[in-house]
Structures are given as structure tokens and as C-alpha cells.
Amino acid sequence: PGASLPHPSPHSSIHWFRKGLRLHDNPALLAAATDCHRLHPLFILDPSSGRAGTNAWRFLLDALRDLDRSLREMGSRLFVVQGCPEEVFPRLFHAWGTTRLTFEVDTEPSRDATVAELAERHGVKVIREVSHTLYDTERVLALNNGKAPLTYKGLQSLLASLGPPEKPAPTLTLEHLQGEHGVVDWVSHDTEYGVPTLEELGQDPTEVGPHLYPGGETAALARLNSLMDRTAWLCDFKKPETEPTSLSPSTTVLSPYLKFGCLSVRTFWWWLDEVYQGQREHSQPPVSLHGQLLWREFFYTAGAGIPNFDRMVGNPVCLQVNWDNNPQHLRAWREGQTGYPFIDAIMTQLRTEGWIHHLARHAVACFLTRGDLWISWEEGLKVFEELLLDADWSLNAGNWLWLSGSAFFHRYFHIYSPVAFGKKTDRDGAYIRKYLPVLKDFPAKYIYEPWKAPRAVQEQAGCLVGTHYPQPIVEHGAASKRNLGRMKAARAQKGNKSPRRRPPHRPPLPPTGENCLAHAPAAFYSVAKHRENRGELSRKRLFSLPRPAAAAGGKAIIPPSSATIQ
């Protein structure tokens, strides 16, 4: 008794950044810095992984440079290495005398288990911490007998038993690195471990669009700070009431920063909570910003608990559909050449800026799949994965499943009109004129349907449809009617339905957002007439979600978009 315990030997640590590209609320990074005489903050660039396009690569490189600058201020650096993690780590463990590896838990299909095994074989202790999600998804799944909750309300019930999310961990500071005695040779570091350029990664820098959303923790926190000053806007925020055709974003555009972990979701949650606590009234989940973060949690949990979540075959919650294979239609959709200006303007904004509003995502996803082109949602998922700055594996897959009517969402007869929907918030077509300048001189009467303009009007506008801008590749009315029948048949076919059974209680109305529901007047949909034929379930029983009352604005339920917090 009274004898002092031996002090543990200081560690040589590697902190492996993947997401979590930040110093604030990064418990795995703090663990790496504890009792550490040599810290190597590491990012491994694996060019073979993912489908990210040039805009997304630029955002990532911005974030890495920003992280390196922040570490420099504390006398450290970010080490960037290219290659496959399974090949990189053994070499670095040996070269750096590593005794400890830390990283943030990744809920997506990843190499975590393989890398952990590899580290243990080399005598390296592994520490994993949860900080990319509000809750530990493994714990949530365990509470639900190992299964992902398939409704928002179901997730809310599980989370209620866990209490509020954990508070953010302290930000890494110079004090945390006081015991770190490693010396960085900055000249050789830039040569061997510096952040590469787009050209060095084989990307064409001429393909990037305007630099509207610089990547990195500094930009993320600046954006969040600016947002927190808008108290009334935050408290009044309801995702369904934002506009897809706004020429500047009508939502937060924090989704890319959350996707890459430049911004901690727990920090965002608790900063919001402070604002809410100081106000008498504020919006509530699912349409509030807290509600959007819970939708993010919903799809992360689903992605972690459902096999083959990003594909149709082998996915137990996904409707099996015989989609068409039409490369010409897919290319026209991807390149913004469908002949429907609203759809093409959205896809042009996506391709150039890397971001689109959640309702815009709804419109183009419905058009590609169950609405007009009857092309698999997996093809749309690939395009979004390439072009979106905030393309997040779980959220992207979950929302494409939803928007295509393949899972979660069952009001499949609500089909977006590629003409009428955009007019709701932009009757003059300013959004179309911005992103499709070839149509900018069309009168408002024809801006959404230029093929209907008399030839003299087309000539006066300097754009002949069929020559300077394409004719519509399908006729929306006929295509949507045909596809509605195909969707009904797919859902009715025995053995071809999603195995998910409707719960006995009424599901909640999912909110809007990059992974939330949106609401819009039914007049802006092409809603096919639903008939109750002999032998069919009634509409009420089949869909269980009743149409909102006229007193609530006559709003209809529409599916979520493809990101989360926008």
C-alpha cells in the first residue's frame, strides 16, 4: 500500500484520419495524443476507392490543407500517403515505431476490421471512438435485436432510451501535445507527405466549377458560427418550406462539412440546443434542424444494419424491380440533356457546383426512376456519388431507395412533374435562365416547356428546340402513367415485394432534408388516379399515411432527398 505505480511508457501514435477531418470533438485524436512522445496524424489517399469527381476531390484537398495548417500551429503536421491501407500500415508501423493506432468508427463498409487485425499482429494497440454520428450505431442496433429500425418513429423510440447525444470532446490544443517530442523536417515532409494537387491525383483542374464551398474545418466552423447568429431563422426553420429554385441556397449547406467530418455533428447538435433553450418557441423534429440530424442518424443506422444497402439484389428491404437498361436516357439525364429545363438546370447545377437543394434531388431522382425514365436507382446513386460534395454512402443509398419507391416510402403514386413542380417557387424561370443560358431569352410562358413555343418565339429567343436544345426524351404524361403501372405490378408480384412489413402503428411523416421528407402542394405533382379494383387493398390500408388535411395547406407527402442537413 502506498507504493507508486510505474508510469506507462509513452506511445508512438498514429491517428488515422478518414472522415473526422477536424481538431474539435475528435476523441480518437485526443486518445492518440495522450501519453504520446511521437504523434503521426495520417491520411491515406486510396485513388482506387470511390467514384468522387473533381469538385469532391477539390473539397477533400481543401480540407486536408486546412487540417495541416491547424496542426502546423501546434508544431505538428498532417502526413498524407497514397496507397492501399493494408499495404501502407505495415511499412509505417515499422518506420515510425508505432505502438498505438487510433481512428474514428466508420459505420460504412470499410477496412476497419482488417486494419485492426493487421495492427494487432504488429503489436500495435488499436483505439476506436464514435464521433461521426450522434449515437453509437452498434448500440442502437443492439437495442433493436440487431435490426435496423425502418421508421423514423422507431428510431426515435430507441434513442429516447439512450438519452441525449454525448457532449463534444475538447478540441485538440497545443497543451495536448506538450509531451510530443517528434521533430518534423518540414522541407522533406512536403516532398514525402504533403497534400497533393488535383493534377497529381490524375484530376483535371479545368473541370472544377466555381469554388463556392471551400472544404475544411475552418470554413465549416465559420459557416456554423454565421448560422448561429440567425436565431430567428434557426428557430423558425422547417425543411419543407425552403426553395429548390433559390439562386442562393435556402438551407445551411453544412452537409459537405458533415460528410467529411470537417464539422462535428455533436457540436452542431449542442450549439443548436443552446439556441433552442434560449427561445420560447422553435420548430420540432422531424422538420427542424435537430430533426434533420436525426434523419441522418436514421440512414446511418440503416446502412450499418441492412446487408447490401447500396444495391437492389441481396438487399432485404429493397423492392426487386425490372428496371430498363437505356444508356442514352441515362446519359441525357446525367448531362442535363433531357429536354425538360427544370430537370436539366438541376443536373447542370449539380455537375458544376457539386450541390443541389434537397427538393431538386427529389425531382431528378423521381424523373430518373419511377417517374419518367424507369432506370435503376443504382445508376442515379453512382452519378450522385461522383458529383455531390456531400455524397455520403449511407445517406445516398437510403435516399435513392426512398425516392425510387424501393424502400421506406410507399406513396409511389406521387410523381413529380418536371414542368409544374419548379413553377411553385419560380414561375418566371430565373433558376433555369441561370443554369441553362441557352434558354434565357424564352418568355416565362414557355421557359419550362420550350418545345411548345411557336417557331417565331424560338427564333427570337435564339434557341431552336431540337437544334440548340433537345426535344423532351419522353412524354411525361404517358411515361409516368406507364411507370406507375409497372411499379404497381412490381409491388403486387408475390416474392418480389420488399420483405419489410408495415408496422401495426401509423408511421411518422418523414421530414424534408437531404434525408428527410419534403412537403409541397399536391397540384405540383402528377398524381395518377388510384383506383380500388376488386381484390386490391384500399388506399387507406395500402399506404397507411393519410393525405394531410386541407387545413394544413393541402400538402402531400413526398420522399426525402439525398444528403441530410443541406
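Tutor: Let's take the labels in turn and set each value against its definition.

Student: What should I know about the model before we start?

Tutor: It's a predicted model, where local features need pLDDT of at least 70 and side-chain atom pairs count only at pLDDT 80 or more, while totals for chains, interfaces and linings use all residues. Residues are numbered from 1 along each chain as its sequence is written, and side-chain values use heavy atoms, with hydrogens and water left out.

Student: What makes β1 and β2 a pair?

Tutor: Two strands pair if DSSP finds at least two bridges between them. β1 and β2 have seven bridges, in the parallel sense, so they meet that definition. Strands (E, at least two residues) and helices (H or I, at least four) are DSSP runs, numbered from the N terminus. Within this pair, Phe-17 stands opposite Phe-43 in β2.

Student: Why is the sheet called open, and which strands are at its edges?

Tutor: Its five strands run in the order β3-β2-β1-β4-β5, with parallel pairing. β3 (79-82) and β5 (125-129) are the edges: each has a single partner strand, so one side of each has no neighbour in the sheet. From one strand to the next, the twist averages 25°.

Student: What lies across β1 and β2?

Tutor: That's α2, running at about 170° to β2. Angles run from 0 to 180 degrees between N-to-C directions, and axes are lines fitted to C-alpha atoms, for helices over the stretch in contact.

Student: How do you know how α14 and α15 cross?

Tutor: Two packed helices are described by the angle between their axes and the distance between the axes. The axes of α14 (341-353) and α15 (358-371) come within 10 Å and cross at roughly 115°. The crossing of α14 past α15 is left-handed, a label for a near helix turned anticlockwise from the far one by less than a right angle (clockwise is right-handed).

Student: What makes that contact nonpolar?

Tutor: Contact means heavy atoms within 4.5 Å. Phe-342, Ile-343, Ile-346 and Met-347 of α14 meet Ala-360, Ala-363, Val-364 and Phe-367 of α15. By class that gives eight nonpolar, no polar and no charged residues. The classes are these: Ala, Val, Leu, Ile, Met, Phe, Trp, Tyr, Cys and Pro are nonpolar, Asp, Glu, Lys and Arg charged, and the others, Gly among them, polar.

Student: What makes one space a pocket and another a cavity?

Tutor: On a 1 Å grid over the protein atoms alone, a cavity is a set of points where a 1.4 Å probe fits but cannot get out; a pocket is an open set with protein on both sides within 12 Å along at least five of seven lines, and lining residues have an atom within 4 Å of a point. Grid points are joined across faces, edges and corners, and a volume is the space filled by probe spheres set on the points. The largest pocket holds about 1,200 Å³. Its lining has 41 residues, with Lys-19, Ser-49, Gly-50, Glu-108 and Lys-259 nearest its centre. They divide into 21 nonpolar, seven polar and 13 charged.

Student: Why do Pro-286 and Asp-25 get flagged?

Tutor: Most residues other than glycine have a negative phi, and most peptide bonds are trans. The bond joining Pro-285 and Pro-286 is cis, with omega about 10°. Asp-25, in the loop between β1 and α1 (27-33), has a positive phi near 45°.
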